Amino acid sequence: MGSELDAMLAGRTSGRPAWVPRLEGLAARLQSTSFREMSADPDAWYAGLTRAGDMLGADALLVGAEVTLLAEACGAELDGSGGLSAIARRPDALAAQPLEARRLAALLEVLRRLRATVRARLGVVAALCGPLLLATQLYAEQAPEAALRQVKAVHNGVVDALLATRPDLLLLIERFPGTGSDVLKAWQRAFGTLRNLAAHYDVPLALRVEGWSADAVGELLALRLPVYVLGTGTGDAVQVARALAAPGTAVGVPLAPGAEAQAMLAAVAGA
């Protein structure tokens, strides 16, 4: 894999942080299509992503960062009219075979191809929405703890399938549930299961968290993950990153507010 990503995952620095930008928008433009269309075609997705990675000199390719992809595979209908996909209609019941959904199947195929072809020179980072984000997307009217129970089996099953492709890192995208709440405890239990799954495949598990604050540091550390990536939040991201840092832990911080093309893993702390 890319030497900087390799160093980050080993808990050391190699002179500069790992550069893992969000490339899928650029990849779609290089393929003269939309991301929705490209992500239904593993050939186009693979070609666009590898070309974009080479153009920008990425240390790793981030794949699957659209947070509604799994909800769609579960049966939700999406509204992409605004450019970014949003949930237009929730399913009455979860799809029986989400792994057979066209775009999720394409994601798995792209990850397998990347593992077979580029891993000697580039890292591969698989991304997926986290369990609480999926739960709120599909069951917004339910209590979050109940919604988490509803999606547990399907989310764990998809995570297992992604881990089986052997990426260098699995990045789950979540919104912090708040401190001192019952849903926080349920969320931490869900991540305990996910951490065990990742350990079974010997794949590091990372969390990109939105809605963090300085008060969230203790609850985030309780997840015991090797990589944390701070999205938007309240407070000083660098100070929070330092608080999260421990030997062998990597912490990414946002480079600019709202800059979607910026590195998802842009800084290493705790080396």
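**Note on the predicted structure**

1. Arg-166 is partly exposed, with a relative accessible area of 37% (buried means under 20%, exposed over 50%, partly exposed in between, with a 1.4 Å probe and protein chains only). The residue sits in the loop between α8 and β5 (169-175). Although Arg-166 is not a glycine, its phi is positive, at about 60 degrees.

2. The model is predicted: local features need pLDDT of at least 70, side-chain atom pairs count only at pLDDT 80 or more, and totals for chains, interfaces and linings use all residues. Residues are numbered from 1 along each chain as its sequence is written, and side-chain values use heavy atoms, with hydrogens and water left out.

3. Arg-224 also has a positive phi without being a glycine, here near 55 degrees. Its place is the loop between α10 (217-221) and β7 (227-230). With 57% relative accessibility, Arg-224 counts as exposed.

4. Of the 271 residues, 51% are buried. The protein exposes about 11,500 Å², and carbon and sulfur atoms supply 50% of this area (Shrake-Rupley method with a 1.4 Å probe). Among contacts with a separation of 6 or more, 64% join residues 24 or more positions apart (a contact means heavy atoms within 4.5 Å).

5. Helix α7 (residues 131-138) packs against helix α8 (residues 144-164) at an angle of about 110 degrees, and their axes are 8 Å apart (axes are lines fitted to C-alpha atoms over the stretch in contact, and angles run from 0 to 180 degrees between N-to-C directions). The two helices are therefore roughly perpendicular, a term for angles of 65 to 115 degrees. The crossing of α7 with α8 is right-handed (the near helix is turned clockwise from the far one by less than a right angle).

6. On the α7 side, the contact is made by Pro-131, Leu-132, Leu-134, Ala-135 and Leu-138; α8 supplies Pro-144, Ala-147, Leu-148, Val-151, Val-154 and His-155. These residues comprise 10 nonpolar, 1 polar and no charged (Ala, Val, Leu, Ile, Met, Phe, Trp, Tyr, Cys and Pro count as nonpolar, Asp, Glu, Lys and Arg as charged, and the others, Gly among them, as polar).

7. His-155 belongs to helix α8. At 1% relative accessibility, His-155 counts as buried. Leaving aside residues up to four places away in sequence, His-155 touches Leu-70, Leu-128, Cys-129, Gly-130, Pro-131, Leu-134, Leu-172 and Leu-194.

Note on methods
Helix = DSSP H or I, 4+ residues; strand = E, 2+ residues; numbered from the N terminus. Parallel < 35°, antiparallel > 145°, perpendicular 65-115°, else oblique.
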